[in-house]
Structure formats: structure tokens, C-alpha cells
Amino acid sequence: MVVSNRMCGLLALSITLAACGGDDERGFGSGESGINTAGAADETGVATGDGGEDEVETMGADGTGGDGAEDEDTGYMPKFDIGPGNTGTGEEEECAEFDEQAELIPVPADIIIVVDNSGSMGFEASEVQARLNDFSNQIIASGVDVRVVLISSYPDDGNGICIDAPLGSGGCPNSDNAPPTFTHVDEEVGSHDAWERLVDTHGQWSSVIRPGSIKHLVVVTDDTSHTDLDEFTDDFAALSPDYVDYVHHSVVCHSDCESAAGIGENYINLSNNTGGVAADLCDQDFQAVFDVLTTEVIGGSQLSCEFQLPEPPEGLEFDPDEVNVEFDDGMGGVLLIGRVESAAECEAVADGWYYDDPVAPTSIIMCPQTCESFQGSISGSVNFELGCATVPAG
């Protein structure tokens, strides 16, 4: 089954689990002994025969014949070839198979917005307040699971902000907190301390930030920062190992215009360094600013490269060592992706995948370099074959 998603070219995922004693539709078969023996090769490259005791040949990760051991060059586990469900007793089990869909979804996005509440920010604060709902709704409608944190005072404290429903809770002007989707940290932000307030209030918003999410930081101010760029980078990364990678956006003055209390050079530089939006507040066009931010958040999202293993049919269980993963790029290229034992071994191979827990796996995780190839595919698909299912005795 093909699952389409308009986010990033979007892959289709098909998962098949089979338990068969006789030949199945993938070309796996068995003889009287319950193993595939060395006869003529079928379309998968797996040898079949008459049930004799010939040596079983396995297919290596590169699609060639192997000896059943790990490939010494790549560390990949070989492609399995023993007929799923065979017990070795010569008894033929009833074929049981099922197809399972798994939706490829974008990685969640967590957005932290810091708004200067100083006296010169009246128009800017009102524009953020007016447009934040449309901003978040467009992101949610795109399929991205988004959470928004706002660091700003409320309207009765400087040029504060309160967000109406549906993003906010509906309690404006003095209450709008609606975690986990929207968290309002009631903190007055001064002209020069947006980054300081972001770091200092970490304990008030950290609980809604998800491990592995794409982090977007947005600073809106008409002034400069008293914190050095390198100092903020170090301080923010020190809060959590998960904060090392993020995208910084800035809506600040790029020149000494009428709206400028100061030029936000440090904010602009960090936005450029992290690939974020560096919008010019001097333009005073917040519709255009939020349109660009929306595009960047949606376009910057990536497909998740972790796939949940399906539950087998009742009475069946699969062998974690007998799983095939293939990537079809949609243009005639098919890559058999081998298994490595852990994330630490990903660097040693060209492509690979590993289990979240090798002892009791619940999901398959692609190595970073393999995940990158998925993101660039326009019409690719990922296929999982889970085999060697057994019927427990009794």
C-alpha cells in the first residue's frame, strides 16, 4: 500500500510478514526437510530444491551469494533465505501472512518564540499576537506535529501578548496557556535580553520540547543583543544535548531605520549560521514575515526514519534476525539495506539500519546517511520483509 504525503516527496512503506511452509509469493520455499536446498535459483536469488540436505546458501547485503555470516566489508547481516514458518520437521504449516501499512510522518517541530516587550514594540507585539494563530494552523494543516512556546509578558505588563483560541486556551487577556501544543511563559522581555530570557526560563518550557524534534528559535525585537553570539550558542547547547542542532530565525532591524532602536547583528548572524530566516523588521510587513517562517518550518521538516515493527497475527512471532529492508528510489534503483548492531556502527557502512533494542526490538531505525537518501527521494518506497515466523507449540 502506498502512503502519500505532500511534505518531502514522500515515501511509500509496505510491510509483509509471512509464515509459510510451502512456496510463498516471494519465492521462498521448502522441501520435506523444512529448509531451502540448493536447486535452481528463483527470482529472489534464493536457492530452492527438493528437500535434500544440501548446504543452504544465503544472499549477502550486496545481493550476492554468501555463507550466512556477516559481510566482512560492511558488517551487514545477510538477507535471510530460510522458508518462514518452517520447523525442520518436514511438516508443512498453513501459510499465514498479512500486509501492514505504516505512515511516513514528518519529524515533529518545536517552535520557541521570544518577543521584546519594551515600550517601542507596540506595533510589533500586536502583529505577532494577530498572526500567531494563522502561522501555527498552516503548519498543523501541512501534517507537521507542532508545539509552540511563547516567551513574553501578558498585555497588562508592557507590550505583552495574549493568544486567542484555537492555539491559546481562550482566557485572554490574562490567560492563554494550553500545553503541550501552546505554552506561554509569562516573562517580560527587555530590549537587549531576548537570548537571556530564553535560557533563564528553560525550566518553564523544557517539558514540552520533544527529543528528536526540529527546534526553531524565533526572536522578534527592534534592538541589539547584550549577549555575544558564541556565549548564547554555548549556554543554549549546555541546557540539553538535544539543543545542539536547531534553526534560529530573527525578525530584527537590519539598518538604522525609523523603527530601529538598534541593529540586531548578532541575531542576524546566528540566523545565517543555522540556515534560518533573517527578516528585516524595518519593512514592518509581518504578513510576509510569517509567510516565510511558515514555509521554512514546513519545508525544513523531514520524514521520520524510525519505523514501528508491526504486531504479527495471533499465534505467530517473527525472528528479529530474519528481516529484509529494501529501498526503491522510484527510478529503477533498488538498494538492499543491511542491518548493523547499533547506531555506533553506522559510520562504518555506506547504508544501514539497526533496532531500537536488539534484545526486544519494537522499531527499525535508519542510519543517518541512509535517512538522508530517503529525504531526497521524490517517489521512493521502503519495503520490509519480516520472515521466519513460528507457530509456538501448544
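Reader: Which residues in α5 do L229, F232 and T233 in α4 meet?
Author: This is a predicted model, where local features need pLDDT of at least 70 and side-chain atom pairs count only at pLDDT 80 or more, while totals for chains, interfaces and linings use all residues. Residues are numbered from 1 along each chain as its sequence is written, and side-chain values use heavy atoms, leaving out hydrogens and water. Helices are DSSP runs (H or I, at least four residues), numbered from the N terminus, and contact means heavy atoms within 4.5 Å. On that basis, the α5 partners are N266, N269, L270 and N273.

Reader: How many polar residues does the contact of α4 with α5 have?
Author: Ala, Val, Leu, Ile, Met, Phe, Trp, Tyr, Cys and Pro count as nonpolar, Asp, Glu, Lys and Arg as charged, and the others, Gly among them, as polar. The contact has three nonpolar residues and no charged ones, and its polar residues number four.

Reader: So are α4 and α5 parallel or oblique to each other?
Author: Axes are lines fitted to C-alpha atoms (for helices, over the stretch in contact), with angles running from 0 to 180 degrees between N-to-C directions. Here the axes come within 10 Å and cross at roughly 60 degrees. Under 35 degrees would be roughly parallel, over 145 roughly antiparallel and 65 to 115 roughly perpendicular, with the rest oblique. That's why α4 and α5 are oblique.

Reader: Is L229 buried or exposed?
Author: L229 sits in helix α4 and touches W195, N266, N269, L270 and N273, not counting residues up to four places away in sequence. Buried means under 20% relative accessible area, exposed over 50%, and partly exposed in between (1.4 Å probe, protein chains only). The relative accessible area of L229 is 13%, so L229 is buried.

Reader: How many aromatic pairs does the structure hold?
Author: Rings of Phe, Tyr and Trp (its six-membered ring) pair if their centres lie within 6.5 Å. Counted that way, the number of pairs is nine.

Reader: What kind of pair do the rings of W195 and F232 make?
Author: Planes under 30 degrees apart count as stacked, over 60 as edge-to-face and the rest as tilted. These two rings have centres 4.6 Å apart and planes at 10 degrees, so the pair is stacked.

Reader: How many residues apart in sequence are the parts that W195 and F232 tie together?
Author: W195 lies in helix α2 (residues 194–200), while F232 is in helix α4 (residues 229–239). The pair therefore ties together parts whose separation, in residues, is 37.

Definitions and conventions. Helices (H or I, at least four residues) and strands (E, at least two) are DSSP runs, numbered from the N terminus.
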